[in-house]
Amino acid sequence: RHQHRFHLEKIKKELGFNVIKNFCQWNSCSRKPGVYDFSEYEEVMSICDEFELNVIVNASLEDAPYWLEKQHPECRYVNSKGMPAELSGNDNHPAGGHPGLCLDNDVIIDEAKRFLREVAESAKRHPSLLGYDCWNEPHIEPNWNTDYWAHTSDILYCYCPESIRRFRQWLMERYENVEALNAAWKRYYGEWDEINPPRRHGNYADWLDWWQFWFDNLQRQMRWRYETLKAADPERFVMSHSGGIPPLLARIESGINNFTLAKEVDMWGTSMAPMAQNWTTAEAAAAVEVTQSAARGKEYWISEMQAGYCHSIGLQKCPRPLPNHIRSWNWLAAFYGAKGIMYWCYLTESTGNEAQGYGLIRFNGETTHRAREAARNFELLRQYEQLFIDHVPTADVAMLYDPSSSIIMFAQEGNDKWISHSHVAYHRQVWDSDLYTHWVTFEDLDSLTEKVLIVPIHYILTEEAAVAIRKYVSNGGTLIAENSLGLFNRNGMLQPRIPSFGLAEVCGLEEEENYYTWPDYQPSGGQPFVGSFEKEVHCSPQIKIFDPLETSFNAYGFVTPLRLTTARSLGGWKDYCLAAHNHYRKGEAYYFGTFLGLSIFNRQNGAGTLVRRILGDKVTPKVKGQELRPRLMENGEQGLLAVFNNSRSQTYTELIAVPGKYHRATDIHQRTDVTLNNSHVKVSVPPEDVVVINLL
């Protein structure tokens, strides 16, 4: 009890924070059937009541009680090799009970709901209770960080009898009869009970349906978690937050679709550990924007911001955040519309692979410099919260993502890295153009308001999505797309004409037969190819562009010659047209005969310059930098200008133009006046830092 009081008092009175998360683990509260002991959680909440410190209760079902496993061993998760996962420890569940028991089994669902109701009954008596986080980083739990030594097939779940039964039922509802499924899958089943989920390479249809089933299945699980807590305590919000952030992270095997998961809760959030992913400020911004996009207008939080260094595996650690990182990430979140920030975690972890890491405060209770910086920035954010309360950044560029293309790539490669790399690369061009990105799915295409739509690697299109894209361009939108657009239909079957579903007319071209080009790339588990890679076409040849500017870059993935109909060539390699532009009704389309996003990701600067030029011709940012990235937030006659430095080594000094209505500028961290001359402020920003200026 002394330790709890010491740390909670430190959080409230020394650091000045106003909310904590109480991580309520199922196995720690229920050691015997039907018996619940929340005494330690009650103690924490009672102290928080006293200190007027808000609490979010994070109810975890991913650490099931051992007695429940003993009663129902048939409910263990089962991997694709048929091996059940016994309850044990894990990185973020070192106290055991991980990965929980499969929540496709009704007996486990009933016990889980009972636990959630008991959690709410215990917590809601406390005035400190702010709300619930009903699912910490939702995914198919054993599919992620379960075994560092595992092969992919060892960590594909769940193939237990009940999950397979539910999958078959899902297929029945989707296809109505076996013959319809056979037609879609190109298989020869006679009865539903002959169908099993995929475990190895085959065609793509079964993988597409298997993962779509899991997207729907996890959304169903999110719904009953939410409804159970809401029924027990209708006065408090129920939220959840993502751990994996597709499409920025290649996590398709974990069954994550944040756009569907976020539909089921009051608020959404994300974990964000930039240094664990080797992210610059730009990639951290992308993570926040994907989270905002998935929330679709709901309030969203940074539910776990990196507080200390993270582990890679075992003894390997990423660099520890410095005060400038804490400062930059806080203001990035605020300017991109987040309404709350929490840290993972307060105190350095004591055991397991996360030991020595993650904490703002050292395990001996010592306050770190980054903790002091976190406290200072929280105070400043509260000082200016009237500007943030209703702030929702307006996106300039839409980015299309549908996990079906990631599923196809997983079925081909065992991962979907190419897609994540492409999204990261394209976003960087939007970031460097001082614009905002809105990630959209197929269901959002009918309501786009952004002037530009970027479509990174999209192997799969539906006819409905293609019609919506056609409508978007017809009405004046600008499309940026790349080769293989709609290469497969919804069932993973090759389309005869690419771009498919009528987009050939929108783009004014048709793809010819392509060439693989990337001799040093090795697929997961693949064997080195010995053959004719010495030919230039297979060795990432240089594409030369002459319009809208002169530039060049190397092809990646494929060289896909374009046969033009109404489009005009923008350049290519030798006699092959590999870039084209087409006017279509009120809009226009740019199409590239390679994976342009991968060219950007692989440091082909000419490709990035080309994309930024197209964006610059269509959209004008509120404020513009050169090497620095300014963002402006306004509320009447007051404004805040945050100027971020994405460089890891270089300090930059620039003049930033601001609206002419402002006559005074103050650096809010230094509390000093900044020269405002002819509507320009002079700003000097150290590496990976931010300067925030109050404008009046």
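Helices (H or I, at least four residues) and strands (E, at least two) are DSSP runs, numbered from the N terminus. With that in hand, welcome to this structure, a predicted model in which local features need pLDDT of at least 70 and side-chain atom pairs count only at pLDDT 80 or more, while totals for chains, interfaces and linings use all residues. Residues are numbered from 1 along each chain as its sequence is written, and side-chain values use heavy atoms, leaving out hydrogens and water.

**The open sheet**

- Four strands make an open sheet in the order 1-2-3-4, with parallel pairing; two strands pair if DSSP finds at least two bridges between them.
- In general, strands of a sheet pair through backbone hydrogen bonds, either parallel or antiparallel.
- Strand 1 (19-25) and strand 4 (237-241) are the edge strands, and each pairs on one side only.
- From one strand to the next, the twist averages 30 degrees.
- Strand 2 (residues 54-60) pairs with strand 3 (residues 129-136) in the parallel sense over four bridges.
- Look for Ile56, which stands opposite Gly131 in strand 3.
- Helix 3 (residues 39-51) packs on the sheet and touches strand 1, strand 2 and strand 3, where contact means heavy atoms within 4.5 Å.
- The direction of helix 3 makes about 170 degrees with that of strand 1; axes are lines fitted to C-alpha atoms, for helices over the stretch in contact, and angles run from 0 to 180 degrees between N-to-C directions.
- Helix 8 (residues 205-232) also packs on the sheet, touching strand 3 and strand 4, and its direction makes about 155 degrees with that of strand 3.

**Two helices that cross**

- Two packed helices are described by the angle between their axes and the distance between the axes.
- Helix 6 (residues 161-175) packs against helix 7 (residues 178-185) at an angle of about 90 degrees, and their axes are 9 Å apart.
- That angle makes helix 6 roughly perpendicular to helix 7 (angles under 35 degrees count as roughly parallel, over 145 as roughly antiparallel, 65 to 115 as roughly perpendicular and the rest as oblique).
- Helix 6 brings Phe167, Leu171 and Tyr175 to the contact, and helix 7 brings Ala180, Leu181, Ala184 and Trp185.
- By class, this contact of helix 6 with helix 7 has seven nonpolar, no polar and no charged residues (Ala, Val, Leu, Ile, Met, Phe, Trp, Tyr, Cys and Pro count as nonpolar, Asp, Glu, Lys and Arg as charged, and the others, Gly among them, as polar).

**Backbone details to look up**

- Most residues other than glycine have a negative phi, and most peptide bonds are trans.
- The peptide bond from His98 to Pro99 is cis, with omega near 5 degrees, and Pro99 sits in the loop between helix 4 (66-71) and helix 5 (106-123).
- Pro246 and Pro247 are joined by a cis peptide bond with omega about 5 degrees; Pro247 lies in the loop between strand 4 and helix 9 (258-261).
- Arg585 is not a glycine, yet its phi is positive, near 55 degrees; Arg585 is in the loop between strand 21 (576-584) and strand 22 (587-592).
- Glu688, also not a glycine, has a positive phi of about 45 degrees and lies in the loop between strand 29 (680-685) and strand 30 (690-695).
- Arg585 counts as exposed at 65% relative accessibility, whereas Glu688 counts as buried at 13% (buried means under 20% relative accessible area, exposed over 50%, partly exposed in between, with a 1.4 Å probe and protein chains only).

- Asp432 is found in helix 15 (residues 417-432) and is buried, with a relative accessible area of 18%.
- Leaving aside residues up to four places away in sequence, Asp432 touches Arg612, Lys624 and Arg629.

**Aromatic rings**

- The structure holds 36 aromatic pairs; rings of Phe, Tyr and Trp (its six-membered ring) pair if their centres lie within 6.5 Å, and planes under 30 degrees apart count as stacked, over 60 as edge-to-face and the rest as tilted.
- The rings of Tyr204 and Phe488 have centres 5.4 Å apart and planes at 85 degrees, so this pair is edge-to-face.
- Tyr204 lies in the loop between helix 7 and helix 8 and Phe488 in the loop between strand 13 (478-482) and helix 17 (503-507), so the pair ties together parts 284 residues apart in sequence.
- Tyr204 is buried at 19% relative accessibility, and Phe488 is buried at 9%.
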